[in-house]
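Hi everyone, thanks for coming. Let me put the structure up on the screen, and then we'll walk through some of its contacts together.

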Amino acid sequence: LPVQTLRPTLCFCAPFLKSGSSSWGALDVIEEEETGDGAAMAAVVGPEEERRRQQQQLLLHSHDMEEEEAVAAGGTGHSEETLQLNLGDLDLTSDEFILDEVDIHIQANLEDALVQEALKTGVDLRQYSKQVEMELQQIENASIKDYIKESKNIASLHTQITACDAVLERMEAMLSSFQSDLSSISCEIQTLQEQSVAMNVRLRNRQAVRGRLSQLVDELVVPNIMISTILETPVTEQGFLEQLHELNNKINAVKEQAFRETMACADVADILDKLKAKAVAKIREFILQKIYSFRKPMTNYQIPQNALLKYRFFYQFLLGHERSVAKEVRDEYLETMSKIYLSYFKSYTSRLMKVQYEEVAEKEDLMGVEDTAKKGFFSKPSLRNRNTIFTLGNRGSVIGGAELEGPIIVPHSAQKSDVRYPFESLFRSQHYALLDNSCREYLFLCDFFLVTGNPALDLFNAVMGKTLAMFLKHMDAYVSDCYDSIAVFLSIHIVLRFKAITAKRNVPAIDKYWDTLLEMLWPRFEHILELNIQSIQNTDPQKLGFLDTRPHYITRRYAEFSSAIVSINQTFPHDRTLTLLGQLQAEVENLVLRVAAEFSSRKEQLIFLINNYDMMLGVLMERAVEESKEVEGFQQLLNARTQVSRSLREGGAAP
């Protein structure tokens, strides 16, 4: 039978074999038993005893084979370790071994179907063992032939392995050498690193010293180009300005090092002083020439002034190194510009007043004064340039955005064209020129003379003080004899708007002048308004001449005047003005009632009242705000008189 067929038959011996033993060991045991005295023993004893004996021998043989395999696998040490184990109940060599448990395993294996079939067929185990041995011998011989057949390849492989082993030995030697070299290189790298750190520290120290020394040398050394430029180049050249900056830095650096007692400062102090003196002399001469050029007739002083701004560092250099020269230059500029501004504005004001309207309001030109042919204010004027007193007309455009900051009036051009202007237009042109020049001058003083705050205001007052005093004197003389209330009120609002413009330009220099001017104009306006109120109070209806039911010229004057004041006062309301307008309205209402009482019939009285109220209401609504107090008051009066008239007409009653 083949080995594969018989192998399951011997599985009954497996429980008695350890995991490391082979099932073929059982065959050897069986063969030995049958070849010895075991055959005779089997013939004498019974089958049961014979089976037990064979099982015990199989177990002992299996144990011996396990020990041999352990010796082959682990060596002598492992065998000794195995013999030292305490097997206890598993020790098959002891007398206390109990075979009952073994019988149970044998019985279980005998119940296997393959084992039972092998026993039934009566397989001869000796014969089977020989067959297996023959097969193994054949396999061994075939394996030997295969080895012999591949002997050349094996030899070649052995040769290659030997060569590889030699190569590996050489590589090992090389790597060992490399390892030792790397160890020495690591030490060298560490040494180099320490040296590098030390060199880096020395380098940083030297660089720090070099930086300070080079800076000190650069600050103290005076190059030849600086000397030649300061001595020979004109001050208007860009090179002179650049070298002047360098000279300023070197002078300051030498002063700083002198406090530290640097010995090298003494070597350059003399030449720096000489260069400073030369630069100061050239700068002084240049600035004074520019200032003297302002004094030439018909000179636009703004051009040399702008040129000075380009060289503002010149004054800074003088201020830092030669204060006496700086003060001389500054005082010369202040005196020159003060005279120029005073002369210019004095001449401009006198020529400007020559283009004013020839006919102006006088003391008798009040609202309640009788309108005679001699005065003729509200009749068509004989002179085409005659200005009205109580009518605003287009005079309000002077405070509009387009004309408020428009070009100033040129007097000689106006005289050639025979153009005349009201006082408020002249006032606007005069003070806009003042505002524009004052703002420019204040900014120039701050920028060129390096001042701010109160010192800047002091310099400005030194330049413009005389001009402002001349303006105030002129305004005081004119306003004290002025009875044109609309012109004064428009001038007030011009000042308020100009004050806002200067605040927007951040020029506080003439704020005090504006306040002084307002303190002069407000009382005059209130005085003129009080005179008009007083004139209406003193008006005698019987002296007004012929009366009819048409609107009276006094009420028309009031309507025009009140609408003009209310429309102007909208942007900058003034409580005192509103109070005086309320008083004026009350007096006009009383005057209308007094004049109406002069009519004999009730009908004419009502018609007169309705016509006057309607006229005043229409003018106010056309030129003033509809929600104003005046409009509301006359609307109520008109409604009341109209209701009375309607009642009389419906009742048929006689007036």
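Let's begin with Arg295 and Glu332, whose side chains meet in a salt bridge at 2.3 Å, N to O. By salt bridge I mean a side-chain nitrogen of Lys or Arg within 4 Å of a carboxyl oxygen of Asp or Glu. Arg295 sits in the loop between helix 11 (265-293) and helix 12 (302-310), while Glu332 belongs to helix 14 (residues 323-352), so this pair ties together parts that are 37 residues apart in sequence. When I say helix, I mean a DSSP run of H or I with at least four residues, numbered from the N terminus.

A quick word on where this comes from: it is a predicted model, in which local features need pLDDT of at least 70 and side-chain atom pairs count only at pLDDT 80 or more, while totals for chains, interfaces and linings use all residues. Residues are numbered from 1 along each chain as its sequence is written, and side-chain values use heavy atoms, leaving out hydrogens and water.

Now, are these two partners buried or exposed? Arg295 is partly exposed, with a relative accessible area of 45%, whereas Glu332 is buried at 18%. The cut-offs are under 20% for buried and over 50% for exposed, with partly exposed in between, using a 1.4 Å probe and protein chains only.

How many salt bridges are there in the whole structure? A search finds 15. Let's stay on helix 14 for two of them. Asp331 and Lys327 both lie there, 4 residues apart, about one turn of the helix, and their side chains meet at 2.9 Å, N to O. Asp331 is partly exposed at 30%, and Lys327 is partly exposed at 45%. Arg330 joins in too: Lys327, Arg330 and Asp331 are linked in a network of salt bridges.

Further along, Lys339 forms a salt bridge with Glu335, and their closest N and O atoms are 3.3 Å apart. These two also lie in helix 14, 4 residues apart. Lys339 is exposed, with a relative accessible area of 53%, while Glu335 is partly exposed at 41%.

Which residues make a nonpolar surface patch of about 260 Å²? They are Val167, Leu168 and Met171. A patch takes residues with over 30% relative accessible area and no salt bridge, joining like charges within 9 Å and nonpolar side chains (Val, Leu, Ile, Met, Phe, Trp, Tyr) within 5 Å. The areas come from the Shrake-Rupley method with a 1.4 Å probe, and for residues only the protein chains shown count as cover. Val167 is found in helix 8 (residues 151-220) and counts as partly exposed at 35% relative accessibility.
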